[in-house]
Amino acid sequence: MTARPSDVVILGGGVIGLACAHYLLREGRSVTVLEQGTAGCASSHGNCGTLTPSHAGPLAAPGTIAQALRWLFKPDAPLRIRPRMDPALARWLLAFARRCNERDWTAATRAKAPLLLRSRALIEDLVRQERLDCEFEAIGTLSVFRDEANFAHARAVAERLAAFGVGAEALDADATLAREPALKPGVVGGLFYPGDASLRPDRYVAELARIVRAAGGRIEEGARVEGFVLDGSRISEVVASNDRHAGRDVVLALGAWSPLLARRLGLRIPIQPGKGYSITYSRPALCPRVPMTLKEPSVCVTAWGSGYRLGSTMEFAGYDDRLTRVRLDALRRGAAGFLREPEGPELVEEWYGWRPMIPDDLPVLGRAPGIDNLVLATGHGMLGVTMSAGTGELVAEIVAGRPPSLDPAPFAPDRFH
């Protein structure tokens, strides 16, 4: 069978793979995207759609381990690690724990903030230039607190983030309630991040797929990658369920599934699937004005003209494919503690998806060690949508051999070897 040729074969048709396809097409490359489901069907579909440079600080931070231990035996905790015998998870947790210190937090933030800020700006440019119909709004986000100690800690972190270009406005209780009438009394304050934005993620991904196809890119849906043919240190063919494909370069952008396929190439990517949940409704009458994070229950709330979503939580349970009721109920309960109308009148969808979580909370971007024509673009954790355009631009620059817009060294795949 003769392989179908392209300049670049992209494995994965989620938000990262499609963003890479767009920027590679702008470089004049021909592109084929292989997606085992439909474009954007996985974690790109049901997240809360916030674009958050405000999340530049990594999850691995001082105090995170102590909090995780307090939540260990609570099935409805915002962070849940399901107890089980899993050596890969144990190694991941150990690597994560080693980074929960001030030095590593600062180093990760210094690397992550420029990528988030550039990507946030690129997405706004992309929406305007390509007229993406995805309900984009540059209206900031609001983190809301009901605990004084949590609020004080968050203010201190926000002051540190200012040094990396992420601005925040601290609000007292009255100012928070005045800013957001959808909130119940009882909040102690809030942090408003004016540089954040939001969009409807499923529509954003659909629009990325549209402009990729319009520019001549091929998106092969229902194409499961089954293996590779190697010629020395190069991938000569990608074997998929629908065909064989050949590219001068191959981009692996499979999100949480990346380590399973990378293993066939002798690569180790320390990704664990972090299961997140969301519930989508029609809009309630009293809808939040801006996207919010309700900090104590870790519930994200986003309203669009077309709907309303509660989301977040993190569960390390492997590739468990059950829609766990206790996790969904935790979202409802968390929202009910803060919002006058926590749910919309009509339930539209209950959803889960797996985020590709890396111990140092930095994506894996760059040429793979030992395979000359393979570029990795994965491990974006909870921020795949926010980092999408920045990742696409950087991958296109790497493939084209041009000077990168950002220093790629902190994201290098060989940092795990």
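Biologist: What should I know before I start?
Modeller: This is a predicted model, where local features need pLDDT of at least 70 and side-chain atom pairs count only at pLDDT 80 or more, while totals for chains, interfaces and linings use all residues. Residues are numbered from 1 along each chain as its sequence is written, and side-chain values use heavy atoms, with hydrogens and water left out.

Biologist: How many helices and strands does the protein have?
Modeller: The protein has 11 helices and 19 strands. These are DSSP runs numbered from the N terminus: helices are H or I with at least four residues, strands are E with at least two.

Biologist: What share of the residues is buried?
Modeller: Buried residues make up 57% of the 417. Buried means under 20% relative accessible area, exposed over 50%, and partly exposed in between, with a 1.4 Å probe and protein chains only.

Biologist: Switching to helix 3, which residues are buried there?
Modeller: T64, A68 and W71 are buried in helix 3, residues 64-71. They cover an arc of only 60° around the axis, so they sit on the same side of helix 3. The arc is that of the directions from the helix axis to the C-beta atoms.

Biologist: And what do they pack against?
Modeller: The buried residues of helix 3 pack against strand 4 (79-81) and helix 4. Contact means heavy atoms within 4.5 Å. The face turned away from the buried side carries the exposed residues L69 and R70.

Biologist: Where is S143, and is it buried or exposed?
Modeller: S143 is in strand 5. S143 is buried, with a relative accessible area of 8%. Leaving out residues up to four places away in sequence, S143 touches G189, G190, L191, Y193, T293 and K295.

Biologist: Which residue has a positive phi of about 55°?
Modeller: That is R131, although it is not a glycine. Most residues other than glycine have a negative phi. R131 lies in the loop between helix 5 (102-130) and strand 5 (141-145). R131 is exposed, with a relative accessible area of 72%. E135 has a positive phi of about 60° and is not a glycine. E135 lies in the loop between helix 5 and strand 5.

Biologist: What about the second largest pocket, what is its volume?
Modeller: About 520 Å³. Of the 23 residues that line that pocket, the closest to its centre are A88, R268, I269, P270 and I271. On a 1 Å grid over the protein atoms alone, a pocket is an open set with protein on both sides within 12 Å along at least five of seven lines; a cavity is a set of points where a 1.4 Å probe fits but cannot get out; lining residues have an atom within 4 Å of a point. Points are joined across faces, edges and corners, and a volume is the space filled by probe spheres set on the points.

Biologist: Which element supplies the largest share of that lining?
Modeller: Helix 4, with four residues.
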